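User: Could you walk me through some salt bridges and helix packing in this structure?

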Amino acid sequence: MCPAWATTNQRPANTRGPYQTRLASRCATACVLLSAPAPNINRQEPAMSPRSAQLQICIDECLNCYQSCLGMAMSHCLEHGGPHVDPAHFRLMMACSESCRTAAHFMLIGVPHHQHICADCASLCRQCADSCDALDGMDDCAATCRRCADACERIAG
């Protein structure tokens, strides 16, 4: 019998009605399936440790670059066509945006691997910026990629 049910329903099993019997059965099944104690709603969660300003700047730059590269690829590049959709350039923009998203994600979840991810992200961002420089209307994207690369290099060490 479920400990929670036993403490809330003190009546013997033979004096319960059909609704209480079904409820007791469901409660017992849930306790067996979950096999975990009821949550303590009075428990205080530990406060999150604050991120360093440098780490937060890098997260922000990565998310800006992710948005810029993905947005430019899906709008500007696809609409202009020609060299803007050259497979090498377009794949580089997609790789850049995804590496920026991944770097931000790793920093946000707080795993130490973010330094390796940031190093790779910085390399891709620099390559993407160089590729964007060669095309019309991509100056803002290139500048965003360079800011992200700078921030990632500081984190990568």
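User: Which helix holds both E98 and R101?

Analyst: Happy to start there; keep in mind that this is a predicted model. E98 and R101 are 3 residues apart, about one turn of the helix. Their side chains form a salt bridge, with the closest N and O atoms 2.6 Å apart. The helix that holds both, residues 87-109, is α4.

User: How many residues apart are R147 and E61?

Analyst: R147 forms a salt bridge with E61, and the closest N and O atoms are 3.7 Å apart. The pair links distant parts of the chain, with R147 in helix α6 (residues 139-156) and E61 in helix α3.

User: Which residues are joined into one network with R126?

Analyst: The side chains of R126 and D150 meet in a salt bridge at 2.4 Å, N to O. This pair links distant parts of the chain, R126 in helix α5 and D150 in helix α6, 24 residues apart. Salt bridges that share partners extend the network, and the residues joined with R126 are D150 and E153.

User: How are α3 and α5 oriented to each other, and why?

Analyst: Helix α3 packs against helix α5 (residues 114-133) with their axes 12 Å apart, and α3 passes α5 in a left-handed crossing. The packing angle is about 40 degrees. Angles under 35 degrees would count as roughly parallel, and roughly perpendicular begins at 65. The two helices, α3 and α5, are therefore oblique.

User: What is the area of the nonpolar surface patch that includes M74?

Analyst: M74 lies in helix α3, residues 53-80. At 41% relative accessibility, M74 counts as partly exposed. Together with L78 and V85, M74 makes a nonpolar surface patch of about 240 Å².

How values were computed
Residues are numbered from 1 along each chain as its sequence is written. This is a predicted model: local features need pLDDT of at least 70, side-chain atom pairs count only at pLDDT 80 or more; totals for chains, interfaces and linings use all residues. Side-chain values use heavy atoms; hydrogens and water are left out. Patches are made of residues with over 30% relative accessible area and no salt bridge: like charges are joined within 9 Å, nonpolar side chains (Val, Leu, Ile, Met, Phe, Trp, Tyr) within 5 Å. Accessible areas come from the Shrake-Rupley method with a 1.4 Å probe; for residues, only the protein chains shown count as cover. A salt bridge is a side-chain nitrogen of Lys or Arg within 4 Å of a carboxyl oxygen of Asp or Glu. Helices (H or I, at least four residues) and strands (E, at least two) are DSSP runs, numbered from the N terminus. Buried means under 20% relative accessible area, exposed over 50%, partly exposed in between (1.4 Å probe, protein chains only). Axes are lines fitted to C-alpha atoms, for helices over the stretch in contact, and angles run from 0 to 180 degrees between N-to-C directions. Angles under 35 degrees count as roughly parallel, over 145 as roughly antiparallel, 65 to 115 as roughly perpendicular and the rest as oblique. A crossing is left-handed if the near helix is turned anticlockwise from the far one by less than a right angle, and right-handed if clockwise.
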